[in-house]
Amino acid sequence: MEGDVMDKLEAMATVCDFDPITGSIPATKVEITVSCRNLLDRDTFSKSDPLVVLYTQGVECKQWREFGRTEVIDNTLNPDFVRKYILDYFFEEKQNLRFDVYDIDSKSPDLAKHDFLGQVYCTLGEIVGSPASRLDKPLGGIPGKACGTIILSAEELGNCRDCATMKFCANKLDKKDFFGKSDPFMVFYRSNEDGTFTICHKTEVVKNTLNPLWQPFSIPVRALCNGDYDRTIKVEVYDWDRDGSHDFIGEFTTSYKELCRGQNQHNVYEVVNVKKKIKKKRYINSGTVSMLSFSVESEHTFLDYIKGG
């Protein structure tokens with residue numbers, strides 16, 4: 001497995017990357033996306049509210065240190081976490097990782113106060129070296145219990161340091177709530193080479209409206225498309241439900257190249273529900289989403305400031 005990883009990643013390092021002082025090839029930055037399926041349900045009157053904690057192991061002392069946590073997603077046993085882990089991949093090191101899953105029951109940061117849902121051990125090389133750099137592993141850690149599955153996807157990050165700020169609104173979305181209007185939110189995904197999609201942003205929920213105006217949001221361009229401006233970006237629109245069973249309103253696709261154009265007729269999208277389109281002959285769309293503003297700026301590093309005096 002580690003040999004496959006070397007084959008995949010050696011192409012990332014060139015002769016000019018070689019460090020003559022240490023005699024080593026530098027690390028490449030890898031983004032890890034986490035999803036889970038069929039988690040244990042620990043809540044009595046609703047579903048679990050999962051969070052995943054990543055631990056890394058020291059090379060010499062072998063101690064596990066907390067690296068970071070995903071966000072908490074309410075009422076779901078099949079979470080797709082937006083918050084990523086960005087790790088340095090060292091070509092000739094075995095980098096041990098541990099992912100622990102918890103059901104969060106309060107705002108306490110103390111993990112001992114929350115329900116443990118399972119864990120998995122792997123190496124960073126295992127994830128990168130898996131087919132399409134996607135590793136599916138069963139969660140363990142609770143004797144006699146099937147704890148579900150964790151899905152870990154890796155992608156090498158490009159050098160693009162631009163950050164885009166966008167603002168959207170929607171018009172005449174489908175009404176999904178019986179006693180009121182919909183509570184819409186949008187989920188953005190970037191496409192992968194194997195035809196799958198990776199979640200990269202969720203807007204806030206705008207309550208009780210079919211014509212929502214979402215707050216502007218900023219997102220690194222590499223999170224949206226990793227430097228490939230023609231890469232497909234899929235956007236799904238949902239009606240939020242308290243119990244986590246959000247109703248699908250529809251979807252559309254775009255690209256960073258299109259989004260760059262800002263507010264114009266090209267950035268007005270029909271929100272389409274394919275199932276509804278097949279059933280209803282007169283179906284046109286489930287509303288439209290329009291871009292109201294777009295701007296982009298480069299994030300400068302400390303070295304950029306030094307070079308600029």
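Hi everyone, let me start with a question: is Phe 252 buried or exposed? Phe 252 is buried, with a relative accessible area of 7%. Please keep in mind that we are looking at a predicted model.

A word on confidence, then. The chain has a mean pLDDT of 88, and 88% of its residues reach 70 or more. Strand β13, residues 232-239, has the highest mean pLDDT among the elements, at 98, while helix α1, residues 2-10, has the lowest, at 44. Over residues 1-23 the pLDDT stays under 50, although the model has 31 contacts beyond four places in sequence for that stretch. Where pLDDT is low, the predicted coordinates should not be read in detail.

Now to the aromatic rings. There are 12 aromatic pairs in the count, and I'd like to show you two of them. Take Phe 67 and Tyr 85: their ring centres are 6.3 Å apart and their planes sit at 70 degrees, so this pair is edge-to-face, because planes over 60 degrees apart count that way. Phe 67 belongs to strand β3, residues 64-69, and Tyr 85 to strand β4, residues 85-89, so the pair ties together parts that are 18 residues apart in sequence.

Some rings have a charged neighbour. Which residue lies over the face of Tyr 55? That is Arg 98, at 4.1 Å from the ring centre. Likewise, Lys 234 lies over the face of Tyr 189, at 5.3 Å from the ring centre.

Last stop: Ser 293, in strand β16, residues 288-298. Ser 293 is partly exposed, with a relative accessible area of 33%. Leaving aside residues up to four places away in sequence, Ser 293 touches Thr 165, Met 166 and Lys 167. Ser 293 and Arg 261 are 32 residues apart in sequence, and their C-alpha atoms are 9.4 Å apart in space.

Definitions and conventions. Residues numbered from 1 in each chain as written. Predicted model: local features only at pLDDT ≥ 70, side-chain atom pairs only at ≥ 80, totals over all residues. Heavy atoms only, no water. Phe/Tyr/Trp six-rings, centres within 6.5 Å; stacked < 30°, edge-to-face > 60°. Helix = DSSP H or I, 4+ residues; strand = E, 2+ residues; numbered from the N terminus. Buried < 20%, exposed > 50% of the residue type's maximum accessible area, 1.4 Å probe, protein only. Lys NZ or Arg CZ within 6 Å of the ring centre and 35° of its normal. pLDDT = per-residue confidence, 0-100. Contact = heavy atoms within 4.5 Å.
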